[in-house]
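Morning, everyone. Let me put it on the screen.

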Amino acid sequence: GSCTYAPADVLGCTDSKATNYNPLATKDDGSCTYAPADVLGCTDSKATNYNPLATKDDDSCTYRLGLEIMKAQPTSEVVSAGGSTLFMVKVRNNGDLTLSSLQMKVMIYDWGVLVPGNSFSLKPGQSKTLTSNIEVPSDIASGDYLAEVIISNDQIHEVAYRQLVVN
């Protein structure tokens with residue numbers, strides 16, 4: 001007579017989700033391996049919340065914003081009614097991102113004066129010197145006045161105060 005034997009089991013990984021899935025395997029031998037699950041997080045090393053273990057960026061990165069008014073001085077701190085002075089302002093971006101649409105304004109509330117400046121941008125580490133001409137109204141009384149220098153955009157706001165004396 002002739003004998004028939006059942007086919008031998010083919011051992012291997014029978015889980016189609018495994019990285020070593022064997023479609024010919026008929027009996028699982030416990031050898032299945034799997035790709036590590038994605039670790040979500042910030043993958044940008046320049047971000048404040050960088051995660052070196054993250055394998056997939058989840059758009060959660062945050063960055064340090066920084067703006068410093070290094071100098072804000074009028075060319076003359078003593079001015080005459082009807083005269084003018086030029087404000088020299090040096091600013092520096094000490095953050096991680098380019099700051100766009102920055103604007104300098106000089107305000108002297110007691111005079112009702114607001115002098116807006118042009119829009120500008122600063123790359124990280126970049127400094128810039130700006131000027132603003134302040135006209136002193138002719139009817140202003142002698143005395144000490146506070147000038148407020150503002151550098152701002154919709155993300156950041158820095159202020160410096162300087163005294164002006166009208167003689």
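One term before we start: a polar contact here is a pair of N or O atoms within 3.5 Å, where one must be able to donate a hydrogen and the other to accept it. Also, bear in mind that this is a predicted model.

Start with Glu-148. It sits in strand 11, residues 143-152. That strand belongs to an open sheet of five strands, order 6-12-11-8-9, with mixed pairing. Strand 6 and strand 9 are the edges, each pairing on one side only.

Is Glu-148 buried or exposed? Buried, and it has no salt bridge. The nearest side chain of opposite charge is Lys-105, 9.4 Å away. What does the side chain of Glu-148 meet instead? Tyr-109, in a polar contact of 2.7 Å. Beyond its sequence neighbours within four places, Glu-148 also touches Val-106, Met-107 and Val-159, among others.

Now the salt bridges. How many are there in the whole structure? Three.

First up, Arg-92 and Glu-68, at 2.9 Å, N to O. Arg-92 is in strand 7 and Glu-68 in strand 5, 24 residues apart. Both count as partly exposed: Arg-92 at 28%, Glu-68 at 30%.

Next, Asp-96 with Arg-64, closest N and O atoms 3.6 Å apart. This pair joins two loops, 32 residues apart. Asp-96 is partly exposed at 28%, and so is Arg-64 at 41%.

Last, Asp-44 with Lys-46, at 3.9 Å. Asp-44 is partly exposed, at 23%. Lys-46 is exposed, at 62%.

Definitions and conventions:
Residues numbered from 1 in each chain as written. Predicted model: local features only at pLDDT ≥ 70, side-chain atom pairs only at ≥ 80, totals over all residues. Heavy atoms only, no water. Pairing = 2+ DSSP bridges. Helix = DSSP H or I, 4+ residues; strand = E, 2+ residues; numbered from the N terminus. Buried < 20%, exposed > 50% of the residue type's maximum accessible area, 1.4 Å probe, protein only. Lys, Arg positive; Asp, Glu negative; His and termini not counted. Salt bridge = Lys/Arg side-chain N within 4 Å of Asp/Glu carboxyl O. Contact = heavy atoms within 4.5 Å.
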